Amino acid sequence: MSYPGYPPTGYPPFPGYPPAGQESSFPPLGQYPYPSGFPPVGGGAYPPAPSSGYPGAGGYPAPGGYPAPGGYPGAPPPGGAPSYPGVPPGQGFGAAPGGAGFSGYPQLPSQSYGGGPAQLPLPGGFPGGQMPSQYPGGQVPYPSQPAAMTQGTQGTVRPAANFDAMRDAEILRKAMKGFGTDEQAIVDVVANRSNDQRQKIKTAFKTMYGKDLIKDLKSELSGNMEELILALFMPPTYYDAWSLRNAMKGAGTQERVLIEILCTRTNQEIREIVRCYQSEFGRDLEKDIRSDTSGHFERLLVSMCQGNRDENQNVNHQLAQEDAQRLYQAGEGRLGTDESCFNMILATRSFPQLKATVEAYSRVANRDLLSSVAREFSGNVESGLKTILQCALNRPAFFAERLYYSMKGAGTDDSTLVRIVVTRSEIDLIQIKQTFSQMYQKTLGTMIASDTSGDYRKLLLAIVGQ
């Protein structure tokens, strides 16, 4: 669907980028190989396990998960990192903080989400329903961040305190032994451990029983429950790389998956994904994209693959004004569209800078940039450009909307539901839930509960946190 205009008056400040909690979700550079035990993307048998691919065995950083409450190791003090306009510039994106498992992002300053009360909820829901008349043409604004969210790890899944990998491995073994499977025991362990802890459980299981936990789980589970459990046991970078490979192999391409991953991840994450894609599948991600897509959409994804977006958090308002003018001249202000101008600006500018550009554009063009993109482009390239703009305005709202449409109407797009719940569970699922309720007047939990069933529903709800 196209996004109707958000008010040109501007948005409350958007919190720092990347979302809190995201800094540590990847191992430091050079720490592949990725753990074994996942099906090569072609399906079929499992690859033999490299002995070093696991925490504690040298291949995966042992302390890399999410730090205990009480702050991040090696983080600059609050206020020591750059944020959005109005916050004094800090150390900038450069040297990584000293803690283990941290890649080069500064921590966010402890600030609350600014801005007035959120504009939504609106009667009748969003989208669809009767729109209140104060929005021209019944348009609903792309929602801004609610004021009440304070910073911190905004994932619903936290590392378990007094974690004991061997004890968890034993619980899982008992749950799968003998006749039938105790799914509840599996749910209780898996939903309440961070991804890093799950990697340690895999290693402990193999050490204790000489068996592969993933293979055992696969033989006990099936369907959506199996897909969800496997996703939870994949390290985050591997899961993104695996999802991209899956979206392009065989006949047809799932363009929405390519957009959802490549247009929303940070530079660091994209570079890790490209490396992992090569090391795990022996393929070049950019080449695969070139052979599976074409035209302006191909160019946009190749741009995204570089992981080279500007990440300076300070906004240059002069540049925002010039970019807005350029975009107007490349689209609404001429006959036809100069696509490369849109690609250049949307692929290189930082997210805070793009947000300022969107605001400047609504003054220059007297209509908002999302609706101009919808008028000038169509198909996948339109979706890709809109995704970038939505992430600049309000990343949780982008994911909330994807979740809503994965369940709306007949049938459920389970792969999308699983992928978003799993990939955002330790990053910003709390904001996504809050935004979801504002946008759709129902909670994410209620919608999941009415759209899924059995252990699959139990595990999803345990992760989403009811």
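This is a predicted model: local features need pLDDT of at least 70, side-chain atom pairs count only at pLDDT 80 or more; totals for chains, interfaces and linings use all residues.

Is the crossing of α4 and α5 left-handed or right-handed? The crossing is right-handed, where handedness is left if the near helix is turned anticlockwise from the far one by less than a right angle, and right if clockwise. Residues are numbered from 1 along each chain as its sequence is written, and side-chain values use heavy atoms, without hydrogens and water.

**The helix pair**

Select residues 213-220 for α4 and 223-233 for α5; helices are DSSP runs (H or I, at least four residues), numbered from the N terminus. Their axes are 10 Å apart and the packing angle is about 165 degrees, with axes fitted to C-alpha atoms over the stretch in contact and angles running from 0 to 180 degrees between N-to-C directions. The two helices are therefore roughly antiparallel, a term for angles over 145 degrees. Display Leu213, Ile214, Leu217 and Lys218 of α4 against Glu226, Ile229, Leu230 and Phe233 of α5, which make the contact (heavy atoms within 4.5 Å).

**Aspartate 216**

Remain on α4 and select aspartate 216. This residue is buried, at 13% relative accessible area; buried means under 20% and exposed over 50%, with a 1.4 Å probe and protein chains only. Its side chain makes a polar contact of 3.4 Å with the side chain of lysine 211 (N or O atoms within 3.5 Å, one able to donate a hydrogen and the other to accept it; residues adjacent in sequence count only if both atoms are side-chain atoms). Beyond four places in sequence, aspartate 216 is in contact with partners including Met176 and Phe205.

**The nonpolar core**

Next, select Leu228, Ile229, Leu285 and Leu459, which touch the most other members of the largest nonpolar core, a set of 103 residues. Such a core joins buried Ala, Val, Leu, Ile, Met, Phe, Trp, Tyr and Cys residues through side-chain atoms within 4.5 Å. Helix α15 (residues 379-407) gives the most to this core, with 14 residues.

Finally, select asparagine 162, in the segment before α1, where phi is near 35 degrees. This residue is exposed at 69% relative accessibility. Asparagine 366, in the loop between α13 and α14, has a positive phi of about 60 degrees and is exposed at 71%.

Note on methods
Angles under 35 degrees count as roughly parallel, over 145 as roughly antiparallel, 65 to 115 as roughly perpendicular and the rest as oblique.
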